[in-house]
Amino acid sequence: MKDRSELWFPLLGTSMSYIECLSELSDEDVFRGLLGFGMFAEQIPPLFSSEVFFEYCQKNKPKFNTKYADYVTYEGNRHNLKSRIFGIPNPFVYYNLCLEIKKSWKNILDYFDAVTKNHNYKLSRVHVRKFENQHYIFMMNYKSWKKDDSPETDLLIGSKFIFKADISSCFSSIYTHAIPWAVIGKTLSKQMSELKKLKDRRKQFPQHIWLDELDSKVRNTTNKETTGILIGPHSSNLISEILLTRIDKELFEKGYIFVRSIDDYTCYAVSKEEGEKFIFDLNSLLTEYKLKINDGKTDDQTLPQYYEDNWINRLNVEKPVPSVFLNKKKLKDGRFKIVRKGNGLITYKQLRQYLDLVVSLLEEKSNDLAILKYVIKTFRAKHLTENAKVLFQRFFLKMAFLYPYLLPSLDKYLFVRF
C-alpha cells in the first residue's frame, strides 16, 4: 500500500501542511478565537456573543473562583433534519479552559507536529486555523484551495473502492483521560495520575503536567464528568483533534490512503478486502480510546463516482446568468463596434426558475437542507434586480419558518446583504 501511495503523492501540489496551518495561530490568536468568538456553536443566532466577556477578561485578567460547573443545553437541527444537543459552557469555567489552552499552545503545536510531520498530504480536512481579517479560528465546511488543496482527486488514482465510516457520538463519547493517553501513552499517563497530589505530579512529570491541567479544565466544563465534551464550543474541535490525529497517525503508518473530516473517514482502497480491513483497524484503534464506529453509517462505493454531491453540480450548471449580451453596431466608417446591452443582473423570472429547481432538489434529496444553505451563501444582492431581491428574501424567510436550521444563516447572508 505504501508503494502505491508514493506513485502519486507528488501530484498533490504545494498546499500547506497541517502543522503549517496551525502554526499561523499565536497563543493570543487562539485565546481570542476560543473565548471571544468560539464559545457558541455556529448554529446559534448571532445575537449571542462572548466578545464583551473576552474584552473584560483581556483587560482585567480575572481569577474566577468557579472551578467547575454544569452547562446549558439546547436542541439544534442538522442539515438532514436530525436534532443534536448542543452545549453552552459556564463562561467562568470556559475562560479557565481557554487560558489553559493558551498556556499550553506551544506544547500542543509540538504534539501536532510530531503526529503529522510524515504525512504526504493533510489527512484532517477541518481544523482550527487562521482566517484573514477574522478573529474566530474554526468554521465548519471551510476550504481554501491555497492552504488545503484538494487531494481527493489524486487519491482516487489506483483506487477501486471508497469506504466511508464515522465515529458514533464522537464528542459526547470522548473520555477526557484519553487526552494524555494520546500524547504520552497510557502507561506514562497512568503513572502520573497515580500521584494524588498535584505538587508531586509537577515534580515528577514537569514536562507533561500541562496534559494533567488540560484534562482537568476540560472536565470542569462538564461538571467534572470524564466522558463527553461539549458540542458547540470551538475548544471541543481542538480537543478532539488531539485524539483523532493520533489515530490518523496509526492508520497512515499501516499504509491506508484516507482523509478525515471531523469524525468522518473516507478510505481509498484498491480492493474490498483492503477497505474492510481499514474499517476493522479503525474500530480497533478507536476502542483503545473508548470510542467506536457508527455501524449504521459505514458504506462502500465502487469507483468511479462523482467528485461532489450531484446536486452541487446541478445548481452550479443551472445557476442563472446575468442578463447581459453583446451586439454589433456599424459605424459610419464601415467598421463595427461591440455594444454591451443589458444591466448585468439576474431577473425575477430567472431567479424564480432557479428556485423551482432548488425546491425540486429538496424533494429529490429528502429535504437535505445543505442545499438551501449552499444557495443562500452563493447569491449576492448586487447580482439581482430589485424584484429578484424581494423574491429571494421572501423565499428564504419562508424556508426559515419551515426549517429552523436556516435561522442562524439569515443574519449574515440575508439581513446584512440585503
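Predicted model: local features only at pLDDT ≥ 70, side-chain atom pairs only at ≥ 80, totals over all residues.
User: What does K290 count as by relative accessibility?

Analyst: K290 counts as partly exposed, because its relative accessibility is 49%. Residues are numbered from 1 along each chain as its sequence is written, and side-chain values use heavy atoms, with hydrogens and water left out.

User: Where is K290 found, and what is its phi?

Analyst: Start with the general rule. Most residues other than glycine have a negative phi. K290 has a positive phi, near 65°. It sits in the loop between α15 and β6. Helices (H or I, at least four residues) and strands (E, at least two) are DSSP runs, numbered from the N terminus.

User: What is the phi of S366, and is S366 buried or exposed?

Analyst: The phi of S366 is also positive, near 55°. This residue is in the loop between α17 (348-364) and α18 (370-378). S366 counts as exposed, because its relative accessibility is 60%. Another positive phi, near 50°, belongs to K61, which follows α4.

User: Which residues of helix α4 are buried?

Analyst: The general idea comes from the helix turn. An α-helix has 3.6 residues a turn, so residues three or four places apart point the same way. In α4 (residues 51-60), the buried residues are F53, F54 and C57. They lie on the same side of α4, because they cover an arc of only 100° around the axis. That arc is taken from the directions from the helix axis to the C-beta atoms.

User: What do the buried residues of α4 pack against, and what does the face turned away from them carry?

Analyst: They pack against α3 (27-37) and α5 (91-103). Contact here means heavy atoms within 4.5 Å. The face turned away from the buried side carries V52 and K59, which are exposed.

User: How many bridges join strand β1 to strand β2?

Analyst: Six bridges join β1 (residues 72-77) to β2 (residues 83-88), and the two strands run antiparallel. Two strands pair if DSSP finds at least two bridges between them. N77 has S83 in β2 as its bridge partner. The two strands form a hairpin with five residues between them, and L81 in the turn has a positive phi of about 75°.

User: What is the strand order of the open sheet?

Analyst: The order is β4-β5-β3-β6, four strands with antiparallel pairing. β4 (258-261) and β6 (299-302) are the edge strands, each pairing on one side only. On average, neighbouring strands are turned by 15° against each other, direction ignored. Inside the sheet, six bridges join β3 (residues 161-166) to β5 (residues 264-269). A165 stands opposite Y265 in β5.

User: Which strands does helix α14 lie across, and which does helix α15 lie across?

Analyst: α14 (residues 234-253) lies across β4 and β5, at about 170° to β4. α15 (residues 272-288) lies across β3, β4, β5 and β6, at about 15° to β3. To read the angles: axes are lines fitted to C-alpha atoms, for helices over the stretch in contact, and angles run from 0 to 180 degrees between N-to-C directions.

User: How many aromatic pairs does the structure have?

Analyst: A search of the whole structure finds 23. Rings of Phe, Tyr and Trp (its six-membered ring) pair if their centres lie within 6.5 Å; planes under 30 degrees apart are stacked, over 60 edge-to-face, the rest tilted. Y74 and F86 are stacked, at 5.4 Å centre to centre and 20° between the planes. Y74 is in β1 and F86 in β2, 12 residues apart. F86 counts as buried, at 4% relative accessibility. Y256 and F278 are edge-to-face, at 5.3 Å and 75°. Y256 lies in the loop between α14 and β4 and F278 in α15, so this pair ties together parts 22 residues apart in sequence. Both residues are buried. Ring pairs also link F31, F53, F54, F64, F92 and Y95 into a cluster.

User: What is the count of disulfides?

Analyst: A disulfide is a covalent bond between the sulfur atoms of two cysteines. With the cut-off that the sulfur atoms lie within 2.5 Å, the count is zero. C98 has its nearest cysteine sulfur, that of C57, 9.2 Å away. C98 is buried, at 1% relative accessibility. For C267, the closest cysteine sulfur is in C170, 18 Å away, so it is too far for a bond. C267 is buried, at 0%.

Key. Buried < 20%, exposed > 50% of the residue type's maximum accessible area, 1.4 Å probe, protein only.
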